[in-house]
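Subject: Structure for you to look at

Hello,

Here is the structure I said I would pass on. Please open it and keep it in view while you read the notes below.

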Amino acid sequence: MNYLYGILSQYLTPLTSPFFLLGLILSVDIAFRKLNKLTHKVLLPLIFGCGFFLFYIVAGKNAETAKWLGRLNNPLFAVLAVIVVPAIFLPRGKYYKFFLILPLLAIILAVADIISQILASPEKGFHWFLIRPGYLIAAVAGIIVIAQNFLKLDKFRNFTRATVLVVLLFGGFAFRQNYTDYKSMIERRQNTTPDIMNISETTPVMRFDNRLVYIPSAPCRFASDGGYVQGCIMELTQRIHQINFDKVFAGDPSEVSLLAIALAALLSVTVLAYIGARWWCGWICPLSTIGELFNFLRKLIGFSYLKPTKTARITAVTSGVSLGLFSINLAYLYTKIDKEGKFMGCKIPIYPFCKICPGQMVCPVASMADSSYFVLPGMEWLFGFFKVGVVALTGFFVIGFMTSRRIFCRFCPMGMFGGVFNRGAMLAIKKDPRKCNGCGICNEVCPMDINSIQKEMVKTDVSCFDCVYCARCIDNCPQDKCLSLEFAGKRIIESDFTKKMNNG
Amino acid sequence: MSYISVNKMAIRSILAFLTVFFICANIYAVEKSVLLTVKPVDDTFFDYTEQGADPSMKLNPDQRIVVGLINVPSFEIKNTANTALYDSEGRQIPITIDKSSFYSEFDDSTINSMRISFITDDRTIKKGPFRFEWGDNINSKNTVVDKIPVFTTSKDIYREFTWEEQPQKSDLANYSATLDIIVDDKADTYYLWYLLPMVLIFFMLIIRRLFPA
């Protein structure tokens, strides 16, 4: 398995570049929009693929360019390009089943890697699942792609969320890269001192080779043992604000490399956001998945949800923006603290937004991290700002999801980053106004309480800033072909009430 | 268009692609190198080194100990054996590596910066620059010590090297060798290149918003 992984890592390196994924999707987009012949639609992405490989090889000859490109590499991009994108675009004919061999192979390789690592382990016993990140992500994508053939949209979304939640939340200890990584994680877990204001000694699984791996939405780095990825966009933004730019401009190699790594991570996450926009919130975000459990609890009890008023919605958005900006400024001020750890007499933690974010309260508890059970910060931290902030926002998170579905997601600064890409990027909700009867079901089923889709009777692109692309509106629309979800020029879901009725 | 003809075309394209790919893939495994410039030490040289008593080693009068820091931006090794030093005539010179100087960008097993020393003589220095190579395919028997000691009582036996300065800036009269450096002195600004694709992405976003398909 080591040999195989080595071969794959060497030969498939260009596929792990975000530029390959972005270029592939853009070429598919052009092919679907501009070209009519199916052969041309297939040929264009293939020509791009060959061209990119040659470019990558030539660029790799230059040491600086190779390192520059290397900081962006991430197995997630390769998996999206090789397994997910073909699953979206390949025609569902009788030959589609041949493609399914690929995700099946990914699952088999992942199982083989786990078994080989167990057999090679110097210590007997259960060490959770030791698996290399590339295999795990490919296997998870493979499971989701195969499951998509058997599940209805609603069930498929929940299945995807649950699968990703397991990896992002429990991945920090359940899916370590190898035995050595696992043992060092166990060693770190011996420290059970509750510590709220410092970064715990946790290491995400996907933090290697001078790279940081972020995904849009909120995969909290405070999940047990560092979680699976480095974190969310807010963690990255705070990290960038703490870089000493005086040293960078003076050419300090360690500070320059920190900035380079952070900018590479920002570019990677921007590519992911451009491709998926706020789809990450609706299908991947562990924080909203946990929130949905509270929503489920509400339904179980039998309470009907409260529709947030326009004032409440605006307040949520403005509070999110204000608190996000304030916290980022605090992160910058952290670099100005004196020897006593204070700035103008106030104690400031290293990642201020994380200290008020409900993610840090919810994710560690949900992932059972012994050392991460939260304790409330004292009043000495910026006059109790963090103590009040964390209680208020965690309360807002729980009560918001329990009473008003996704009102919290309107506040969430991580989600707002994705919202910027909701119009003009790869994903779009399309509407045929001629077929709309204005029934308002799209508004009723929307967890974000978006009513603009119902009201829009002229434009065909009804994507908006708040949409999380859960596709409930499309799934429940009673008019055939009225609403649809487009990805890179291809209609991937459309409302088909007749088919739904016929299938019972 | 039937699926069969599409698949034939696709299979041909994939085969062509794989052929190109496998032919080119081994290009990754190239060694990287930098030319080292040897120059007399200045006062700051002794600031960052550990000082000690007179060396017990016997050096010929024309022999020199060259010490310097390898912190080329592209430098990245996993094992100290993956480095080698050659003189201008291509002969390998044994090097000593300072373990305490190891710098890793992420505290992982990768080394991105380290201090090395080697013994050479004035004649070899005059012949031309040294070539320092690193890469996975290199396997040298290098000596790794906790710290390279420097003996201030024998200052004249020391030389240091640099890969930073351009030859035209050097005062050759004070140098014991002709200097020739092939490195990119703008390497530190490469991080800014990450901003370019980001700008392009936002540009695409704006264009597609303004002119939806």
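**Domains of chain A**

Chain A is divided into domain 1 (1-150), domain 2 (191-419) and domain 3 (427-502); the bounds come from an automatic or database domain assignment. This is a predicted model, in which local features need pLDDT of at least 70 and side-chain atom pairs count only at pLDDT 80 or more, while totals for chains, interfaces and linings use all residues. Residues are numbered from 1 along each chain as its sequence is written, and chains are lettered from A and ligands numbered from 1 in the order in which they are written.

The centres of domain 2 and domain 3 of chain A, taken over C-alpha atoms, are 31 Å apart. Across the boundary, 13 residues of domain 2 of chain A are in contact with ten residues of domain 3 of chain A (contact: C-beta atoms, placed from the backbone, within 7 Å). On the domain 2 side, helix H14 (279-283) and helix H20 (407-411) of chain A each supply at least two residues. H14(A) gives the most, with three residues. Helices (H or I, at least four residues) and strands (E, at least two) are DSSP runs, numbered from the N terminus. By class, the domain 2 side has five nonpolar, three polar and five charged residues. Here Ala, Val, Leu, Ile, Met, Phe, Trp, Tyr, Cys and Pro count as nonpolar, Asp, Glu, Lys and Arg as charged, and the others, Gly among them, as polar.

**A helix pair and a sheet in chain A**

The axes of helix H18 (residues 358-366) and helix H19 (residues 385-404) of chain A come within 8 Å and cross at roughly 65°. Axes are lines fitted to C-alpha atoms, for helices over the stretch in contact, and angles run from 0 to 180 degrees between N-to-C directions. H18(A) and H19(A) are therefore roughly perpendicular to each other (65 to 115 degrees). A:Pro358, A:Met361 and A:Val362 in H18(A) meet A:Val390, A:Leu393, A:Thr394 and A:Phe397 in H19(A). This contact has six nonpolar, one polar and no charged residues.

Three strands of chain A form an open sheet in the order S3-S4-S5, with antiparallel pairing; strands pair if DSSP finds at least two bridges between them. Strand S3 (427-431) and strand S5 (490-494) of chain A are at the edges with a single partner strand each, so one side of each has no neighbour in the sheet. From one strand to the next, the twist averages 30°. Five bridges join S3(A) to strand S4 (residues 483-487) of chain A, and A:Lys430 stands opposite A:Ser484 in S4(A).

**Chain B**

Nine strands of chain B form an open sheet of mixed pairing, in the order S5-S4-S8-S1-S11-S3-S7-S6-S9. Its edge strands are S5 (92-93) and S9 (143-145) of chain B. S6(B) (residues 96-103) runs antiparallel to S7(B) (residues 113-121), with four bridges, and parallel to S9(B), with three bridges.

**Confidence**

The model scores ipTM 0.91 and pTM 0.76. Chain B averages a pLDDT of 72 (the predictor's confidence in each residue, from 0 to 100). Over residues 24-30 of chain B the pLDDT is below 50, and it stays under 50 over residues 165-187 of chain B. Where pLDDT is low, the predicted coordinates should not be read in detail.

Regards

Notes:
Two residues are in contact if their C-beta atoms, placed from the backbone, lie within 7 Å. Angles under 35 degrees count as roughly parallel, over 145 as roughly antiparallel, 65 to 115 as roughly perpendicular and the rest as oblique.
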